[in-house]
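Visitor: I am new to this structure. Can you show me how to read its features, step by step?

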Amino acid sequence: MMLKFPKWFFKWSEENPTDLMGPGILVGTVGGAVAVAAIIVAFGNPNATIDQQTGPRGIGMAVSKFVKDNPQFDVYEAEYQVFDRVEAPEGTPTAAEAYGDSVVAFGDMDQANFDQLTKAMSAWVGMDVVLYDDGEVDETTLAITKNCIEATQYLNDSWDTHNLATEGKGVNCYTCHRGQPTPPGSWMKSGNVNSAMEGWSGVQNRLLVGRKYTDSQYTSLPVDALEKLLLDGDSIKVTDTESRVDQQKGDPTWQDAERTFSLMNHQANSLNVGCVYCHNTRAFYDPTQVTPQWSVTTLAQQMSIDINQTFYEPRSEILGHESAKVDCMTCHMGVISPLNGHDMVAEWPELAAPAE
């Protein structure tokens, strides 16, 4: 039986036309939102984030990363090889007794573990490491090996406040080398494009081929920021609130600002964070509004200057050519805590001992 509407219904509908498009769109939108919400509840939010609050709530001071990108995964940590200590038979000679006075480090260690540590270091740096004169290794190589071991011990001892060796972190050969003879996060001086341009060396707008992790790659910022700020120890500064009609010695310049921006860019990339990790971006100029991470980063800058000046720049004389230097990327390689805080000296505390 077919349902029939009364005549008055059709007459009323003709006299009172209604736009059904608007309600239809509303119903479709609401229905679609409900469907999307149901999918997210059932299968998870594909754009979920991990958020780290770095400053007061409500002002956007948080570092956010997508869960789908698995920000905690570190391929280098996954590839790290652990070499446990071995049980040395009774009567095992020390390394110095077994290999003579040419042993460059760990001479008091028993030969069995000395050999095991040698295997570990070889794997960590991606090449055969020899810790004594075996008749095949040259003096320069032995000197570089000794220099590296001393640098490692120095970092773990003198800079424990940053490397936290006493808290189960620290550094070893792999922290920098990542299984490669030359650390992938190291750098060398860039040199000038031109000798000078009105007292300002032409070090901008320069693409440094092969320097994947440089401070200014693919930007027009100065390419010598690491050299000036993490080797020479120049002051990191941008500007101040004073009007400068006549530039005085020591006043911040545009070049200072550009090098500082370049370094900040490098540090952000090294840890995969943004400005708010250290700064309140509404008041960069106010040192009272920085985060606790700012102090840690400032300490790291001083550590980089110290290690470069104490070990890696002098190493150039041993090599006969420029030596690679360290910066934030050398250890961090894109994560806040290098190798996600893996204990790098657990098996070999000798690497955390002060060099004699």
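Guide: We start with a term. A salt bridge is a side-chain nitrogen of Lys or Arg within 4 Å of a carboxyl oxygen of Asp or Glu. Keep in mind that this is a predicted model.

Visitor: How many salt bridges does a search of the whole structure find?

Guide: The search finds seven salt bridges. Let us take some in turn.

Visitor: What does Glu-350 form with Arg-85?

Guide: Glu-350 and Arg-85 form a salt bridge, and their closest N and O atoms are 3.0 Å apart. Now place each partner. Glu-350 lies in the segment after α13 (328–332), and Arg-85 lies in the loop between α3 (75–79) and α4, so the pair ties together parts that are 265 residues apart in sequence.

Visitor: How do I read the burial of the two partners?

Guide: Under 20% is buried, over 50% is exposed, and partly exposed is in between. Glu-350 has 22%, so Glu-350 is partly exposed. Arg-85 has 36%, so Arg-85 is partly exposed too.

Visitor: Which side chain meets Lys-146 in a salt bridge?

Guide: That of Glu-150, at 2.6 Å from N to O. Lys-146 and Glu-150 are four residues apart in helix α6, so about one helical turn separates them. Lys-146 is partly exposed, with a relative accessible area of 36%. Glu-150 is partly exposed as well, at 21%.

Visitor: Which residues are linked in a network of salt bridges?

Guide: The network links Lys-189, Glu-313, Glu-322 and Lys-325. Look at one of its pairs. The side chains of Lys-325 and Glu-322 meet in a salt bridge, at 3.1 Å from N to O.

Visitor: Is Lys-325 buried or exposed?

Guide: Lys-325 is buried, with 0% relative accessibility.

Visitor: Which residues form a nonpolar patch on the surface?

Guide: Leu-26, Val-30 and Val-34 do, with about 290 Å² of accessible area together. Leu-26 sits in helix α2 (residues 21–43). At 57% relative accessibility, Leu-26 is exposed.

Visitor: And inside? What is the general idea for nonpolar side chains?

Guide: In soluble globular proteins, nonpolar side chains tend to be buried together. Now the case here. The largest nonpolar core has 30 residues. Phe-106, Phe-114, Leu-117, Met-121, Trp-124 and Leu-131 touch the most other members. Four helices each supply at least two residues of this core: α4 (95–99), α5 (111–125), α6 and α8 (173–177).

Visitor: Which helix gives the most to this core?

Guide: Helix α5 does, with six residues.

Visitor: Where is Leu-164 found?

Guide: Leu-164 is in the loop between α7 (160–163) and α8. Phi of Leu-164 is near 55°, again a positive value in a residue other than glycine. Leu-164 is partly exposed, at 22% relative accessibility.

Visitor: How do I compare distance in sequence with distance in space?

Guide: Take a pair and read both values. Val-203 and Asp-224 are 21 residues apart in sequence, and their C-alpha atoms are 6.7 Å apart in space. Val-203 lies in the loop between α8 and α9 (225–230). With 1% relative accessibility, Val-203 is buried.

Visitor: How many residues apart in sequence are Thr-253 and Lys-237?

Guide: Thr-253 and Lys-237 are 16 residues apart in sequence, and 8.5 Å apart in space from C-alpha to C-alpha. Thr-253 lies in the loop between α9 and α10 (254–271). Thr-253 counts as partly exposed, at 26% relative accessibility.

How values were computed
Residues are numbered from 1 along each chain as its sequence is written. This is a predicted model: local features need pLDDT of at least 70, side-chain atom pairs count only at pLDDT 80 or more; totals for chains, interfaces and linings use all residues. Side-chain values use heavy atoms; hydrogens and water are left out. A nonpolar core is a set of buried Ala, Val, Leu, Ile, Met, Phe, Trp, Tyr and Cys residues joined through side-chain atoms within 4.5 Å. Buried means under 20% relative accessible area, exposed over 50%, partly exposed in between (1.4 Å probe, protein chains only). Patches are made of residues with over 30% relative accessible area and no salt bridge: like charges are joined within 9 Å, nonpolar side chains (Val, Leu, Ile, Met, Phe, Trp, Tyr) within 5 Å. Accessible areas come from the Shrake-Rupley method with a 1.4 Å probe; for residues, only the protein chains shown count as cover.
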